[in-house]
Amino acid sequence: MTMRTSLNSWQALERHAQKMKQQHMSELFSLDKERFNKFSIKLPTMLLDYSKNLVTSDTMHKLIALAKECDIESWRDKMFTGERINKTEDRAVLHTALRNRKLSPLLLDGENITDYVELALAKMKAFTEQVRHGQWKGYSGKRITDVVNIGVGGSNLGPQMVTEALKQYSDDSITVHYVSNVDGTQIANVLRPLDPEKVLFIVSSKTFTTTETMTNAKTAVKWLVSSSFDEKAVSKHFVAVSANKENAINFGIDPDNIFDMWDWVGGRFSLWSAIGLPIALDLGFDKFIELLEGAHEIDEHFSQAPLEANAPVILALLSVWNCTFLGAKSQAILPYDQSLHMLCAYMQQAEMESNGKSVTWEGIEVDYPTVPSIWGGVGINGQHAFYQYLHQSNNVVPADFIGSVESVTPVKGHHETLMANFFAQTQALMNGVDEQQVREDLKAKGRMADYVDKVAPHKVHKGNRPTNTILIKRISPSTIGSLIALYEHKIFAQGIILQICSFDQWGVELGKGLANKIEAELRTGVVNPAHDSSTKELIHYFQTMKSTTV
Ligand code: F6P
């Protein structure tokens with residue numbers, strides 16, 4: 001297998017990176033008035049401006065040459081047509097089929113999966129309407145007012161992020177809550193104010209084996225039965241979403257209350273399936289379809305646009321450029337829209353669980369840095385917390401700034417203040433301010449020479465910090481669908497360029513296995529003497545302190 005490092009385009013980029021490291025973006029802007037036009041892409045409902053990256057036209061040509069040498073177009077076609085590109089698990093990767101709004105037939109192992117998707121959507125629609133219209137009754141005949149989604153990782157982050165993002169679109173006929181953590185504090189806090197007669201639980205787990213989810217689901221059953229005094233109440237208050245029907249039935253879920261999922265949908269790409277049920281219950285089924293339509297629009301763009309104008313491909317190439325060639329180690333996700341306050345948490349799973357790996361599809365260790373760690377949070381709050389680091393630390397952190405042209409909750413005078421910061425920050429990160437300018441500014445303010453000497457070095461901002469700006473018309477079910485799909489495809493393209501299987505997650509297994517063994521030790525009190533001394537003594541301290549009153 002050819003390693004990426006032996007490709008001509010890769011080697012050309014390595015040489016080019018040495019040259020580009022001597023450049024400053026502010027000079028590139030002064031030299032080329034067309035920079036924005038050259039390095040931006042207009043999609044129907046959003047704009048991607050990537051001109052504030054350390055790139056020239058030559059860089060972009062070289063990056064596109066890399067994408068071509070990596071055969072990205074044929075990989076993309078393989079994904080859309082259901083080839084088993086999840087090589088280590090021997091599975092197709094077809095989350096795009098869940099939002100194939102053209103309803104074009106798609107054969108997988110001789111079966112048209114579009115039919116399955118449509119059937120599943122029809123079941124979701126009927127259920128959503130029954131619950132939202134009060135026809136689905138709890139054990140005592142009352143309508144459902146609250147839905148608690150029990151799930152973790154992909155069975156939590158996508159639906160919760162979207163529910164938060166689209167709060168303004170909810171008619172509040174149903175309140176949706178999320179329980180993901182096995183720390184009992186979370187489920188206890190969520191359940192405390194709720195009335196068991198009016199609560200519906202969704203146990204959301206692709207595998208139906210995840211310990212945290214099963215533990216929370218059992219607690220929820222106990223809570224319900226302690227109020228209803230009747231095990232039969234479970235069928236009126238519990239539904240499941242899973243690819244493992246057998247386990248869901250064994251758990252006690254009524255077979256009619258199980259919504260399908262398939263092994264060709266990865267957990268972190270699953271909010272488009274019945275895993276998105278809480279979204280549909282909160283917003284109504286029509287808005288869930290709008291979400292799918294928004295994503296489908298980006299699927300079309302990704303599959304048809306030339307690489308040079310293909311937003312997910314460009315985002316992927318820039319990430320590889322910034323991290324693998326220029327050496328950035330992390331990447332910030334900075335939404336300037338409160339609706340997107342969970343986007344960073346969602347992106348952490350989407351990108352890091354997908355591409356946080358260091359061997360190729362063939363299992364060969366790669367000799368280049370792969371993906372950055374993802375961090376961030378709502379931009380304005382970040383400005384008063386960690387932006388100091390973004391501007392002046394000696395680590396360069398490429399950042400995605402995401403904002404909206406219109407607020408979904410217009411409050412007079414707020415949006416301009418918010419967006420002024422949005423525009424100012426990327427400008428400041430790009431331009432910086434040099435020592436000469438700092439000194440002139442201080443002098444113009446009448447500062448004494450010794451003060452200027454003392455303070456000037458601290459006020460220097462080197463700038464040259466790369467950012468992408470994504471400006472969305474307005475947060476809506478459709479634009480959120482588009483935004484998520486944009487990032488999903490970016491992650492896919494990034495994985496192809498880095499030669500990584502983006503669709504498995506073996507790295508989460510080791511800790512899970514050990515936790516199972518240690519849990520048995522905590523319950524029996526018999527600690528394995530073979531543990532390293534740190535682990536052994538930590539468990540020992542935990543057990544000793546448990547029986548001590550402090
Ligand atoms: O542990 C990681 C993981 O497997 C994720 O990939 C997945 O989204 C999450 O756990 C939940 O898995 P499940 O839906 O099977 O409970």
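**Whole chain**

I began with burial: 53% of the 550 residues in the protein chain are buried (buried means under 20% relative accessible area, exposed over 50%, partly exposed in between, with a 1.4 Å probe and protein chains only). I reminded myself that this is a predicted model, where local features need pLDDT of at least 70 and side-chain atom pairs count only at pLDDT 80 or more, while totals for chains, interfaces and linings use all residues. Residues are numbered from 1 along each chain as its sequence is written, and side-chain values use heavy atoms, with hydrogens and water left out.

Next I looked up the secondary structure and found 23 helices and 13 strands in the protein chain. Both are DSSP runs numbered from the N terminus (helices are H or I with at least four residues, strands E with at least two). The radius of gyration is 26 Å, close to the 24 Å from the globule rule for 550 residues, so the chain is as compact as a globular protein of that length. That radius is taken over C-alpha atoms, and the rule is 2.2 Å times the number of residues to the power 0.38. I also noted the box filled by the C-alpha atoms, roughly 80 × 65 × 60 Å along the principal axes.

For contacts (heavy atoms within 4.5 Å), I took pairs at least 6 apart in sequence; 74% of these join residues at least 24 apart.

**Domains**

The assignment lists domain 1 (4-69 + 305-431 + 465-498), domain 2 (95-290) and domain 3 (507-548). Such bounds come from an automatic or database domain assignment. I read 41 Å between the C-alpha centres of domain 1 and domain 3.

**The five-stranded sheet**

I traced an open sheet with parallel pairing and the order β6-β5-β7-β8-β9. Its edge strands, β6 (175-179) and β9 (258-260), each pair on one side only. On average, neighbouring strands here are turned by 20° against each other, direction ignored. Pairing requires at least two bridges found by DSSP; β8 (residues 238-242) and β9 have three, in the parallel sense. Within that pair I found S242 opposite D260 of β9.

Helix α6 (residues 113-132) packs on this sheet, touching β7 (199-204), β8 and β9, and its direction makes about 145° with that of β9. Axes are lines fitted to C-alpha atoms, for helices over the stretch in contact, and angles run from 0 to 180 degrees between N-to-C directions.

I then followed α6 to helix α13 (residues 285-304): the axes are 10 Å apart, at an angle of about 145°. Here L121, M124, K125 and T128 of α6 meet F285, F288 and L292 of α13.

**Strands around β12**

I checked β12 (residues 399-406) and found six of its eight residues buried. β10 (residues 330-335) runs parallel to β12 and is joined to β12 by four bridges, with L334 opposite F401. β13 (residues 467-474) also pairs with β12 in the parallel sense, over seven bridges, and R474 is the bridge partner of E406.

**A316**

Which helix holds A316? I found A316 in α14 (residues 311-325). A316 counts as buried because its relative accessibility is 0%. Not counting residues up to four places away in sequence, A316 touches K490, A493, Q494 and I497. The C-alpha atoms of A316 and I497 are separated by 8.3 Å, although these residues are 181 apart along the chain.
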